[in-house]
Amino acid sequence: MRYSGFSILKQALTGHKSWPKAWRTPDPKPAYDYIIVGGGGHGLSTAYYLASVYGAKNIAVLEKGWLGSGNIGRNTTIIRSNYLLDGNVPFYEMSLKLWEGLEQDFNYNAMVSQRGIINLYHSDSQRDAYARRGNAMIMNGADAEMLDQDALRKLYPNLNYDNARFPIMGGLAQWRGGSVRHDAVAWGYARGADRLGVDIIQNCEVTDFIIEKGACTGVMTNKGKIMGKKIGVAVAGSTTRVMSKVGMNLPIESHVLQAFVSEGLKPIIPGVITYGMGHFYISQSDKGGLVFGGDIDGYNSYAQRGNLPVVEHVCEGGIAMMPYIGKAKMLRMWGGIMDMSMDGSPIIDKTGIDRLYLNTGWCYGGFKATPASGYCFAHLLANDEPHDNATALRLDRFSTGAVIDERGAGAQPNLH
Ligand SMILES: Cc1cc2nc3c(=O)[nH]c(=O)nc-3n(C[C@H](O)[C@H](O)[C@H](O)COP(=O)(O)OP(=O)(O)OC[C@H]3O[C@@H](n4cnc5c(N)ncnc54)[C@H](O)[C@@H]3O)c2cc1C
């Protein structure tokens, strides 16, 4: 069924009794043309674009838990394309463009809200760095605008402008950035893929890969053996664990990132803002909760929960930027497992094992990348060639030295 105003009206008049399930619950078939391991945002979007853009059939997505149990349902929902380097900007701008048409494309309300993102600056040198970033964005077709303090005060009168250790001087705005309801993205892609015939198999954990004559020909799962002509792995924070089954030692570390939501408040934050002298980002949900986050917990972990020192650290960033946040009561917090790459940029590439493909390295920023990641990974799986906007996202850049280091922070995951 297509969702539309007409279908809502019809259901309302007939007691909402015939809404079909959003997706089926099929048993796995013995073999598929394409197997996608991981039913997070990236796995589901890959399957969706494989079917919708590349005309592939006979596709399965294998998810060890339930849809939305990973980072796709745990992030702080920010989308943007305010990147600096050539390897990244076209890719993230492609993603932002796909967000702009996504709801019509997969016929699902994902609450895409282009409410604008502003990165605050606190010194002359930081202003110059943001001006450079803004110019790079504009040259790559993205939108960017530098705001001085007066312009910023009109939008955010309640920030700590003057009486602060790091006074706020202005910001770099990207008005097309904003937020999207994260779990609706998983549901929208799942429903869209299911309608195109993709089998989405939940509670199906891939425990091993079948390698024959140097090629990956299938996977072992808790539901038995499933053969595949091409296998794409998109398991985000579990990448190193899953790829260790084929002996791959990747330039990835798994870390916890926490998110926080306050009680519902009257509207005070119209868009998304990030603090420039620490790692803190915040928006306000439609229900009024302040949704915010900051740094990763500084140790490797596969746990979907974090620890208290980082809670204090994140809240310090928030209070420095907007002291009144100290009065808000916290409602919820949780953690997700981040696949931190050593240059802070993603990998969408072949693995060196024939027919086995890899999508990983999303760090803090994989939610906004969900559409482009799926599109480019589907392109790679279908054509055995990288998509034009993902040619730099190669695995071998860590051995050739062609890294894409946005922050210039070196090979240290907690600095990206
Ligand atoms: C607190 C937090 C805040 C964030 N904020 C933002 C933000 O504001 N903006 C932004 O752009 N990004 C953000 N991110 C990052 C973003 O959420 C992730 O980079 C992105 O969601 C990762 O891709 P995914 O959706 O495919 O991951 P996931 O949803 O984690 O999907 C991976 C899936 O693989 C499954 N899996 C693992 N092992 C196996 C196996 N062996 N067999 C089968 N399935 C398996 C997992 O169960 C999981 O469902 C945030 C992340 C967190 C945790």
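**Entry 1: α2 and α9**

I looked up the handedness of the α2/α9 crossing and found it right-handed, a term for the near helix being turned clockwise from the far one by less than a right angle, with anticlockwise giving left-handed. The model is predicted; local features need pLDDT of at least 70, side-chain atom pairs count only at pLDDT 80 or more, and totals for chains, interfaces and linings use all residues. Residues are numbered from 1 along each chain as its sequence is written. Helices (H or I, at least four residues) and strands (E, at least two) are DSSP runs numbered from the N terminus.

I then took the geometry: the axes of α2 and α9 (residues 370-383) come within 7 Å and cross at roughly 55°. Axes are lines fitted to C-alpha atoms, for helices over the stretch in contact, with angles from 0 to 180 degrees between N-to-C directions. I therefore recorded α2 as oblique to α9; angles under 35 degrees count as roughly parallel, over 145 as roughly antiparallel, 65 to 115 as roughly perpendicular and the rest as oblique.

For contacts (C-beta atoms, placed from the backbone, within 7 Å), I listed residues of α2 including His42, Tyr48 and Tyr49, which meet a set in α9 that includes Ser373, Tyr375 and Phe377. The residues of this contact divide into 9 nonpolar, 7 polar and no charged. Here Ala, Val, Leu, Ile, Met, Phe, Trp, Tyr, Cys and Pro count as nonpolar, Asp, Glu, Lys and Arg as charged, and the others, Gly among them, as polar.

**Entry 2: α3 and α9**

I examined α3 against α9 and noted an angle of about 105°, with the axes 7 Å apart. That makes α3 roughly perpendicular to α9. From α3, Phe91, Tyr92, Met94, Ser95, Leu98, Trp99 and Leu102 make the contact, and from α9, Pro371, Ala372 and Tyr375. I counted 9 nonpolar, 1 polar and no charged residues there.

**Entry 3: domains**

I consulted the domain assignment (bounds from an automatic or database source), which gives domain 1 (23-81 + 83-108 + 182-251 + 343-415) and domain 2 (117-177 + 253-340). Their C-alpha centres lie 27 Å apart. The contact takes 28 residues from domain 1 and 31 residues from domain 2. On the domain 1 side, α3 gives the largest share, 4 residues.

**Entry 4: ligand**

I inspected the 40 residues around the ligand (C-beta atom, placed from the backbone, within 6 Å); Gly38, Gly40, Gly70, Gly336 and Gly366 come nearest. The shell has 15 nonpolar, 20 polar and 5 charged residues. Domain 1 and domain 2 each contribute at least three residues to the shell, and α2 (41-52), β12 (252-264) and β16 (330-341) each supply at least two.

Definitions and conventions:
Two residues are in contact if their C-beta atoms, placed from the backbone, lie within 7 Å.
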